Amino acid sequence: MKVRYSYLQQQFANPEPIFEGIRELLKTGAFTLGPQVDEFEKSFARLIGTKYAIGVGSGTDALKLPLKALGVGHGDEVITASNTFIATVGAINEVGATTRFVDATPNYVMNADLIEKAITKKTKALVPVHFTGEPVEMEQVLYVSKKHGIPIVEDACQSILCKYKGQTCGTFGAAGGFSLHPLKNLNVWADGGVIVTNDAEMDRKLRLLRNHGMKNRDEIEVLGYNSRLDTLQAIVGNWLIPQTREITNKRQANAAYYDAAFRKMDGLVRLPPARANCERVYHLYIFEVDEKHRNTLLKFLCDSGIEAKVHYPIPLYQQEGLRHLGYKPGDFPETDRHSKHIITLPVDQHLSREQQDYCIARVQEYFT
Ligand SMILES: Cc1ncc(COP(=O)(O)O)c(C=O)c1O
């Protein structure tokens with residue numbers, strides 16, 4: 001049996017409603033910032049429960065633009081998670097600031113208790129990452145943010161509809177950034193991103209920044225970027241957005257199904273600790289095995305036709321391209337531990353029970 005990681009062929013197997021939208025677009029030629037972008041932004045803001053949503057060119061830009069709007073730049077430091085996708089660091093780097101990492105919890109998210117120790121006089125923003133679709137302990141992040149007067153930009157790129165104590169991720173800070181990349185839970189046909197905020201001035205600045213800083217056709221208020229969500233991608237987003245809850249429910253049900261099976265393999269397979277008051281949305285489904293088994297099990301699964309992965313085998317702080325940050329091996333022990341023990345299985349909404357049973361059976365087979 002083949003258990004593929006990418007489900008895009010299934011997801012877009014019936015593209016006629018999207019093609020119809022594109023045909024309509026061709027009649028107007030409103031390829032940039034067309035009315036479909038407004039419609040998508042309104043729907044997205046409603047979905048997340050914020051006053052504003054701003055469509056941008058990517059999830060990376062959905063972090064970069066709020067940082068820029070907050071005035072973060074050269075000589076500043078931004079604190080984020082040591083186990084995140086490189087794009088979080090890329091966004092911080094693009095505004096000219098330096099990334100300062102804090103280690104993870106056993107749930108693979110930024111350990112909010114470690115933030116305060118990482119703060120220096122140069123710290124200008126906190127970027128908690130709701131990695132895998134699991135929320136960071138936002139109560140603690142908010143406490144630190146308030147105490148030190150440092151704003152929060154949430155990296156919610158993997159966590160659409162994720163909740164912490166009943167509140168939706170992306171709504172805790174000055175702004176929250178989401179990715180619409182094809183492999184995200186809510187995905188379009190190319191790069192895309194969305195920023196949410198409840199602050200009218202932040203909304204105004206972000207709309208300027210995404211469109212070259214142009215107040216209107218003739219006046220430039222600030223230096224900005226070309227980072228607009230394409231109208232074509234907004235058409236795809238408008239088709240998909242009503243399905244977001246259903247997609248999330250399916251991913252959660254799939255994760256619960258894996259959990260039930262793997263809990264019976266206690267000692268051989270370990271799951272991240274359960275947390276009260278959190279709603280995980282399972283962008284990634286991760287389990288752990290002993291270090292001595294990880295690579296051999298991974299290979300066994302791949303050889304069996306299962307596209308299992310590791311997010312991530314080399315921690316960012318140990319990557320060659322980030323050497324200038326000055327970290328040394330062992331600085332982030334929990335992130336190191338994850339890199340050696342974890343395996344990611346497909347958990348998407350198009351995965352069948354037969355495919356899940358096959359994944360579970362292969363893990364069981366490996367250990368017999
Ligand atoms: C945690 C995290 N942050 C930021 C991004 C950046 O998103 P994009 O690829 O849309 O630029 C991604 C996804 O790729 C991500 O997983």
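**Cysteines, then domains**

Mentor: Cysteine 157 is buried, with a relative accessible area of 14%, where buried means under 20%, exposed over 50% and partly exposed in between, using a 1.4 Å probe and protein chains only. This is a predicted model, in which local features need pLDDT of at least 70 and side-chain atom pairs count only at pLDDT 80 or more, while totals for chains, interfaces and linings use all residues. Residues are numbered from 1 along each chain as its sequence is written, and side-chain values use heavy atoms, with hydrogens and water left out.

Trainee: Is cysteine 359 buried or exposed?

Mentor: Cysteine 359 is buried, and its relative accessible area is 0%.

Trainee: Changing topic, which domains is the chain divided into?

Mentor: Domain 1 covers 8–242 and domain 2 covers 244–366, with bounds that come from an automatic or database domain assignment. Their centres, taken over C-alpha atoms, are separated by 25 Å, and the contact (heavy atoms within 4.5 Å) takes 44 residues from domain 1 and 34 residues from domain 2.

Trainee: What area is buried between domain 1 and domain 2?

Mentor: About 3400 Å², of which carbon and sulfur atoms give 55%; buried area here is the accessible area, with a 1.4 Å probe, that two parts lose on being put together, summed over both. Of the area that domain 1 buries against domain 2, Phe101, Tyr108 and Asn185 supply 21%, more than any other three residues.

Trainee: And how many salt bridges are there between domain 1 and domain 2?

Mentor: Four, where a salt bridge is a side-chain nitrogen of Lys or Arg within 4 Å of a carboxyl oxygen of Asp or Glu. Elsewhere in the listing of such pairs, glutamate 134 and arginine 275 meet through their side chains in a salt bridge, at 2.8 Å from N to O.

Trainee: What does threonine 99 touch?

Mentor: Not counting residues up to four places away in sequence, threonine 99 touches Val78, Thr80, Val89, Ile92, Leu325 and Tyr327. Threonine 99 is buried, at a relative accessible area of 2%.
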